[in-house]
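Subject: Structure handover

Hello,

Here is the structure for you to look over.

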Amino acid sequence: MTTYIPSITLPDAIFANPAASILVPVGLGLGVGYSVSPKNTQKTYLALKQPPYRPPPQVFGPTWTTLYALMGYSAYRAWTTGTESLNPYTIELTKQGATLFTIQLGLNLVWMPLFFGLKRPIEATANIVALTSVTGYLTYVWSQVDSVAAWCMAPYLGWLGFATYLSAGTGYLNNWNFADKEREMKSTNTGSGVDKDYVNKAPEQK
């Protein structure tokens, strides 16, 4: 059982405000996504050997934006319902959930830099397994506070299960090493350096 840790938990004002509770995860998610470079991320995604049922890369942006918004609304629902309760145990669960929510959001934001930026599939898969576990427990905790909040987390939890399959499957099929899929190419930029591409990337259509 977790406890409420204010020092590592998002401010109460974020959970209490519906716009802030939604926009904070959406904004952080978009910020991390663009910091890794969507174009390079898509090239990496298409280049790697992947397990069956991988979705096209265009699916991820809208899906994650929706899931970030849902988790934010869930946080708002759970916080406002729980903190207005007259039951001390419900209030305690609400605050524990706030800490769990913050932890899972941090784990979520770290996955993309690990997988696509640093190309560390082992660490990324361990991260998403931990993320799914924390989110599952968070959903259970908030189900005791507000059923709507818990159901809003359900699509996110289901997607995390699928994402765990993709992360582990991709790592396994590529021998848990993405670096050896790169090759140096003659630079097309003005200046020094080389461009990199993946050896099994399909040739671009002209």
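Among contacts in the chain between residues at least 6 apart in sequence, 71% join residues at least 24 apart. Contact here means heavy atoms within 4.5 Å.

Some ground rules. This is a predicted model: local features need pLDDT of at least 70, side-chain atom pairs count only at pLDDT 80 or more, and totals for chains, interfaces and linings use all residues. Residues are numbered from 1 along each chain as its sequence is written, and side-chain values use heavy atoms, with hydrogens and water left out.

**Overall layout**

The chain has 7 helices and 2 strands. Their order from the N terminus is α-α-α-α-α-α-α-β-β. Both kinds of element are DSSP runs, numbered from the N terminus: helices are H or I with at least four residues, strands are E with at least two.

The chain has 206 residues, and 41% of them count as buried. Buried means under 20% relative accessible area, exposed means over 50%, and partly exposed is in between (1.4 Å probe, protein chains only).

**The core**

The largest nonpolar core holds 40 residues. Such a core is a set of buried Ala, Val, Leu, Ile, Met, Phe, Trp, Tyr and Cys residues joined through side-chain atoms within 4.5 Å. Phe-101, Trp-142 and Tyr-156 have the most contacts inside it. Helix 1 (12-16), helix 2 (18-36), helix 4, helix 5 (88-117), helix 6 (121-143) and helix 7 each supply at least two of its residues. Helix 5 gives the most, with 10 residues.

Take Trp-142. Leaving out residues up to four places away in sequence, Trp-142 touches Ser-74, Ala-75, Ala-78, Leu-93, Thr-94, Gly-97, Ala-98, Phe-101, Ala-150 and Met-153.

**Helix 4 against helix 7**

The axes of helix 4 (residues 60-83) and helix 7 (residues 147-173) come within 8 Å and cross at roughly 145 degrees. Axes are lines fitted to C-alpha atoms over the stretch in contact, and angles run from 0 to 180 degrees between N-to-C directions. The crossing is left-handed: the near helix is turned anticlockwise from the far one by less than a right angle.

On the helix 4 side, the contact residues include Phe-60, Trp-64, Leu-67 and Arg-77. Helix 7 brings, among them, Met-153, Tyr-156, Trp-159 and Leu-166. By class, this contact has 17 nonpolar, 2 polar and 1 charged residues. Nonpolar covers Ala, Val, Leu, Ile, Met, Phe, Trp, Tyr, Cys and Pro; charged covers Asp, Glu, Lys and Arg; the others, Gly among them, are polar.

**Three residues to look at**

The contacts below leave aside neighbours within four places in sequence.

- Pro-55 sits in the loop between helix 3 (38-47) and helix 4. Pro-55 counts as buried because its relative accessibility is 11%. Its contacts are Tyr-45, Phe-60, Trp-159, Phe-162 and Leu-166. Pro-55 and Leu-166 are 111 residues apart in sequence, but 9.7 Å apart in space, C-alpha to C-alpha.
- Thr-90 is in helix 5. With a relative accessible area of 14%, Thr-90 is buried. Thr-90 contacts Gly-82, Ser-85 and Val-145.
- Gln-144 lies in the loop between helix 6 and helix 7. Its relative accessibility is 34%, so Gln-144 counts as partly exposed. Gln-144 contacts Tyr-89 and Leu-93. Gln-144 and Thr-94 are 50 residues apart in sequence and 8.9 Å apart in space, C-alpha to C-alpha.

Best wishes
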